[in-house]
Structures are given as C-alpha cells and as structure tokens.
Amino acid sequence: VIVGHDWGGGVAWATALMRPEVVERLVVLNCPHLKRFSQELRRNPRQMLRSWYMLFFQPPGLPERMFRARNFAALDRALKEGTVHKGAITDEDMRYFHEAFRHPYAITAAINYYRANARSGFMARPGSNDWIDRKIAAPTMGIWGEQDFALGKELTLNMGPLFSGPFELRYIRDSDPWG
C-alpha cells in the first residue's frame with residue numbers, strides 16, 4: 001500500500017505506473033495524476049502561472065539564496081501564511097525546518113526534486129513516455145484539499161480513464177495540502 005502527499009504523491013503515481021506489480025493499493029493526497037499534470041502544464045495558462053515557482057527553481061544557486069535570505073522569510077511565508085488553517089504549521093515546526101535547511105546542501109536537495117522533474121520527461125508531450133500512458137489497476141483513492149494555492153482543482157478532472165481498476169476522488173473544501 002502506497003500513500004503519497006504532494007511530490008510524494010508524484011512518486012506514488014510513478015511507482016504505480018512504472019512498477020504496478022508492487023502496488024496493491026494507492027492513496028494520493030494533493031498531487032494530480034502525472035499525465036493530467038503534464039497536460040495541464042502545457043495547455044492551461046492558469047496552471048502555468050500557479051506553477052511559476054517550478055521554473056524559478058531551475059537555475060542553480062538563485063532559489064537557494066532566496067530561501068536563506070532574511071532567516072528563511074520566504075519559506076516562513078509560503079508555509080505559515082499559505083495555509084487555510086493558520087495554526088496548522090507551528091513556530092516549533094518552522095524552527096525544525098530552519099534547522100534542517102541550515103545543513104549544507106539541504107535546500108539544494110529539496111529544490112533538485114523540481115529540477116529533476118523538469119528534466120525527467122514527465123512534462124513531455126503524450127506518447128513520448130510509455131509509462132505515463134499506462135492505466136493504473138490498483139484500487140486508488142485521491143484526496144484533494146480544494147484550497148491548494150499551487151495546483152488547481154481542474155487537475156483532478158477527467159482522471160477516471162487513467163485507471164483500469166477502481167478509482168475514487170474525495171474533495172475537502174476548507175483544506176489545502178498542509179492542513
């Protein structure tokens with residue numbers, strides 16, 4: 001059973017698509033099926049704008065300096081102020097993140113996930129990646145906090161044809177990916 005959230009959800013989708021024999025059940029929270037995400041990134045201007053940070057993260061060094069500036073002010077703003085439920089991420093949580101990101105290369109490692117995804121081909125045109133075109137047979141549940149600031153709810157539409165097995169999608173109205 002694989003459960004993935006946010007980019008961990010991307011890993012969960014990729015696992016179900018590339019290695020279906022290891023997935024008995026799949027649960028993904030606030031990450032669209034990679035094929036839907038790829039489609040919307042190419043044709044949906046609103047999603048392109050919401051995903052601006054993915055492009056910002058591509059050049060080496062610049063995003064790392066931005067995150068370190070003013071004692072991680074941008075990280076604080078993104079995590080604490082970007083949530084529907086303002087208390088979901090506590091000051092103690094932020095101290096933990098600050099400490100973790102002070103380690104050499106920690107920010108680069110986190111940002112490299114975005115760099116690798118941009119280069120991996122999942123955003124390529126349909127048909128160029130056989131694995132992304134496979135249907136998922138494992139029973140799958142998607143859970144979506146509708147107040148996601150980076151990913152539009154439209155990314156969850158029309159996902160049914162991407163599955164050969166049972167698929168269920170549940171929305172949580174007053175929630176975002178963090179609370």
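This is a predicted model: local features need pLDDT of at least 70, side-chain atom pairs count only at pLDDT 80 or more; totals for chains, interfaces and linings use all residues.
Four strands form an open sheet in the order S1-S2-S3-S4, with parallel pairing. Strand S1 (2–5) and strand S4 (167–172) are at the edges; each has a single partner strand, so one side of each has no neighbour in the sheet. On average, neighbouring strands of this sheet are turned by 10° against each other, direction ignored. Six bridges join strand S3 (residues 140–145) to S4 in the parallel sense. Within these strands, isoleucine 143 stands opposite arginine 170 in S4.

**Helix H1**

Helix H1 (residues 7–18) packs on the sheet and touches S1, strand S2 (26–29) and S3. The direction of H1 makes about 140° with that of S1. The buried residues of H1 are Trp7, Gly9, Gly10, Ala12, Trp13, Ala14, Ala16 and Leu17. These buried residues pack against strands S1, S2 and S3, and also against helix H2 (34–43), helix H4 (52–56) and helix H7 (106–120).

**Aromatic pairs**

The structure holds 13 aromatic pairs. A pair of aromatic rings is described by the distance of the centres and the angle of the planes. Two of the pairs are given below.

| Ring pair | Distance of centres | Angle of planes | Class |
|---|---|---|---|
| Tryptophan 7 and tyrosine 114 | 5.6 Å | 90° | edge-to-face |
| Tyrosine 96 and phenylalanine 97 | 6.0 Å | 65° | edge-to-face |

Tryptophan 7 lies in helix H1 and tyrosine 114 in helix H7, so their pair ties together parts that are 107 residues apart in sequence. Tryptophan 7 is buried, with a relative accessible area of 12%, and tyrosine 114 also counts as buried, at 16% relative accessibility. For the other pair in the table, tyrosine 96 counts as exposed at 60% relative accessibility, whereas phenylalanine 97 counts as partly exposed at 30%.

Tryptophan 7 and tyrosine 114 also belong to a cluster linked by ring pairs. The cluster is made up of Trp7, Phe37, Trp52, Tyr53, Phe56, Phe57, Phe67, Tyr113 and Tyr114.

**A charge over a ring**

Where does the charged end of lysine 153 sit? The charged end of lysine 153 sits over the ring of tyrosine 171, 4.2 Å from the centre of that ring.

Notes: Residues are numbered from 1 along each chain as its sequence is written. Side-chain values use heavy atoms; hydrogens and water are left out. Two strands pair if DSSP finds at least two bridges between them. Helices (H or I, at least four residues) and strands (E, at least two) are DSSP runs, numbered from the N terminus. Axes are lines fitted to C-alpha atoms, for helices over the stretch in contact, and angles run from 0 to 180 degrees between N-to-C directions. Contact means heavy atoms within 4.5 Å. Buried means under 20% relative accessible area, exposed over 50%, partly exposed in between (1.4 Å probe, protein chains only). Rings of Phe, Tyr and Trp (its six-membered ring) pair if their centres lie within 6.5 Å; planes under 30 degrees apart count as stacked, over 60 as edge-to-face and the rest as tilted. A charge sits over a ring if NZ of Lys or CZ of Arg is within 6 Å of the ring centre and within 35 degrees of the ring normal.
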